[in-house]
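Work through the exercises below with the coordinates open. Each task is followed by a stepwise solution.

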Amino acid sequence: MQILLPDPVRRIIKTFRAHGYPAYAVGGCVRDSLLGRCPSDWDLATSAQPEEIKKIFPKTIDTGIAHGTVTVRMDGKNYEVTTYRIDGKYEDSRHPAEVTFTDSICDDLARRDFTINAMAYNEENGLVDPFGGQADLAHGVLRCVGDPMLRFSEDALRMLRAARFSAQLGFEVFPDVQAAMSCQAERICAVSAERIREELTKMVLSDAKIAFDLLFHTGLLDRILPELALCFRTAQKIKYHLYDVGTHTMFVTKSVPKIPALRYAALFHDLGKPQKKTVDPDGTTHFKGHAAVSTALAQDIMRRLKFDNKTCDQVLRLVKYHDREIVLTKKAVKRAVFDVGEDIFLDLLDLKRGDALAQNLIYSRPRLANYDRIEQIYLRCRKEQEAFSLRDLAVDGHDLLALGFSGKEIGTLLNALLFYVLEQPQDNQKEKLLKILQKNQKLWLNGIK
């Protein structure tokens, strides 16, 4: 078995060997190489201890000295190098209280989470695979190194990593791993919001249905996203839908482009349905007003998981407007662009397409054609340079300031002018707009449009 190592990695390993220390590429880079994928980064392990690593290489960064990790700078890139180690007891469900350095690469691999991540490689010794990771890759299965209960008790995030790797690779999670996830699901509550969010993001950008089905059936979803877990328990008995709310959500998430904000909007768009569910005497279900509840729940989740403000803003706008009807007229499309925001309008159409694809196509297929027509209207208006936002207006705040307006008046009048131009694009000229402003300023400042 041969793996093509990048030149800097090969030189780092050779440098260690020249100083009497074995070294290997380890973990995910070996796994991805065996799968024929291009690794995003390369980590290394060596018998050299941190102080020795710093002496050998001229450019290093103290990344995690206490746990044996030093970053070696080579050819303008960073490579994490960790001393072979045996971990002591995990007291915080993430870090071992102490580590013991060792001379054995197999001892080091024994502390890792899954067999497919517990392999090492260098050109001199070839593949080191003491736990059958290569065979598991070939069979498409995910197993823990040793006892899954022990692995997850060391770091509860590994349970989410199991779901994520299953989704990314399409691998079957071994029954004993799933059983351990169910037994230890409560432990995930001790993991930081930031770490959970990062794993969730990797899941939504892969095959979300695989990941979230596993999280639901092991009870983990009830701990990290109880709002979404409830969706899997909410049936939709109506001709337009084929699945429960949760399963429908999974198909929508999988159907939209791999843009983080868009995928999260798909994940959250129907969170309000369980709360808004009503049932007719014949058993038909309805979910009127669910978009507003979904938006509020999505906001709670994103605050809880500490999303950045930009992503929150985009996701919440997409969820809020995902169910909005857009009539096939230029005026209606332009107003929708203004309300939703031009920065995400095409994403909204993709969300609507994904929503329709995850429904009964007998009834939803005509909507797909309409979304294409709406996009054509938008693109035509954009090509003709019609106004969609304040930045497109032929006048700006400075022009209004020069006329003696100030403060909130300026914002009010600019918005009124934009509403006017949305319907009368031919009047988006500075002189015309200033005349229109003088004629309508009193009405607009009094809230009459």
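Accessible areas come from the Shrake-Rupley method with a 1.4 Å probe, and for residues only the protein chains shown count as cover. The model is predicted: local features need pLDDT of at least 70, side-chain atom pairs count only at pLDDT 80 or more, and totals for chains, interfaces and linings use all residues. Residues are numbered from 1 along each chain as its sequence is written, and side-chain values use heavy atoms, with hydrogens and water left out.

**Exercise 1.** Describe the surface and burial of the chain.

Step 1. The accessible surface is about 21200 Å², and carbon and sulfur atoms hold 50% of it.
Step 2. Buried means under 20% relative accessible area (exposed is over 50%, partly exposed in between; 1.4 Å probe, protein chains only). Of the 449 residues, 51% count as buried.

**Exercise 2.** Compare the chain's extent with the globule rule.

Step 1. The rule is 2.2 Å times the number of residues to the power 0.38, with the radius of gyration taken over C-alpha atoms.
Step 2. For a compact globule of 449 residues the radius would be near 22 Å, whereas the chain has 28 Å.
Step 3. Along the principal axes, the C-alpha atoms fill a box of roughly 85 × 60 × 40 Å.

**Exercise 3.** Characterise helix α9.

Step 1. Helices are DSSP runs (H or I, at least four residues), numbered from the N terminus.
Step 2. Helix α9 covers residues 193-204 and reaches 16 Å from first to last C-alpha, close to the 16 Å expected. The expected span is 1.5 Å times one less than the number of residues.
Step 3. Its buried residues include Ala-193, Ile-196 and Leu-200.
Step 4. Among the elements covering the buried residues of α9 are α7 (157-169) and α16 (290-304).

Key: Helix = DSSP H or I, 4+ residues; strand = E, 2+ residues; numbered from the N terminus. Contact = heavy atoms within 4.5 Å.
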